[in-house]
Amino acid sequence: MDQQPALPPLPDEGVILGVRPKDWRESVEIAGRALAASGATDAGYAVDMVRMIEEHGPYVVVAPGLALAHARPGPAVRRDGIAIVTLAEPVPFGHPYNDPVCVVLALAGASSARHLQLVAEIANIFNDSDAVKRLAEATDPDEVRGILGAAAS
Amino acid sequence: MKILTLCGAGIGTSGILKINTERVLQRIGVDARVVAIDVTMLESELEDAQVILTSPEFVEAIGRTFADVIVVENYFDTAELQRKLELALG
């Protein structure tokens, strides 16, 4: 068996369901606000996540419908954290294969090593190809935590 | 053999590719070292790499190379990864 660390806690503040952002940028900003509200990051981390996509393109759309928004570890990260934002109407990120996006998973890691451990855990979840669809259709934070295998606190 | 997974920060999407590439390599019985990097590390890591896995945005940044460059569409689709890796390694 793989020895994978679990995801960090996902409190209710880190889950925002059924939003209608006007574009990809707003969807990432909402996810950034959720990370900040859950105590994982400062507000500035949202700006960093948007900048990563502006600089490097929409490569964060790693699977059909799913954007993995993230920035590097830094002073804006207080502790490991994840946030989930689902979109009532999917928005395009400009990705050649995986647009439009209906779920934004924002990720903050306190260190590069931790960040890599967290994405390994995320890979375990999303290697199940139904996970994005189930997240997109989730109606409350408990359901989201159940799909991710995350605790509330 | 050395395989690179490349993304913007070297800790997010390239990390997913690293994990899933290692899974596929184990499945098909290929022994390789998989290194997740960002674009700033390309120059120092590129020389002895045999395969580079990345998304379309970064192909241009790689430039001229003897390595096989594999563009990955769905980072969680290990069947896609396996198909493309077998083609490159075959």
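What follows is a chat about the two chains, their contact and a few details.

Q: What kind of model is this, and how are things numbered?
A: This is a predicted model, in which local features need pLDDT of at least 70 and side-chain atom pairs count only at pLDDT 80 or more, while totals for chains, interfaces and linings use all residues. Residues are numbered from 1 along each chain as its sequence is written, and chains are lettered from A and ligands numbered from 1 in the order in which they are written.

Q: What is the mean pLDDT of chain A?
A: The mean is 94, with 97% of the residues of chain A at 70 or more; pLDDT is the predictor's confidence in each residue, from 0 to 100.

Q: And where in chain A does pLDDT stay under 50?
A: That is residues 1–5 of chain A, for which the model has five contacts beyond four places in sequence, a contact being two residues whose C-beta atoms, placed from the backbone, lie within 7 Å. Where pLDDT is low, the predicted coordinates should not be read in detail.

Q: How many helices and strands does chain A have?
A: Chain A has five helices and five strands, in the sequence order β-α-α-β-β-β-β-α-α-α. Helices (H or I, at least four residues) and strands (E, at least two) are DSSP runs, numbered from the N terminus. The radius of gyration of chain A is 14 Å, close to the 15 Å from the globule rule for 153 residues, so chain A is as compact as a globular protein of that length. That radius is taken over C-alpha atoms, and the rule is 2.2 Å times the number of residues to the power 0.38.

Q: How much of chain A is buried?
A: Buried residues are 47% of the 153 in chain A. A residue is buried if 20 or more other C-beta atoms lie within 10 Å of its own, exposed if 12 or fewer, and partly exposed in between, with C-beta atoms placed from the backbone.

Q: Switching to chain B, what's its pattern?
A: Along the sequence chain B reads β-α-β-α-β-α-β-α, which comes to four helices and four strands. Its buried residues make up 42% of 90, and its radius of gyration of 12 Å agrees with the value near 12 Å that a compact globule of 90 residues would have.

Q: How many residues does each chain put into the contact?
A: Chain A gives 28 residues and chain B gives 20. On the side of chain A that touches chain B, two or more residues come from each of α2 (44–56), β2 (61–63), β3 (66–70) and α3 (112–126) of chain A, and α3(A) has the largest share, with eight residues.

Q: How do α1 and α4 of chain B cross?
A: The axes of α1(B), residues 13–28, and α4(B), residues 78–89, come within 9 Å and cross at roughly 65°; axes are lines fitted to C-alpha atoms, for helices over the stretch in contact, and angles run from 0 to 180 degrees between N-to-C directions.
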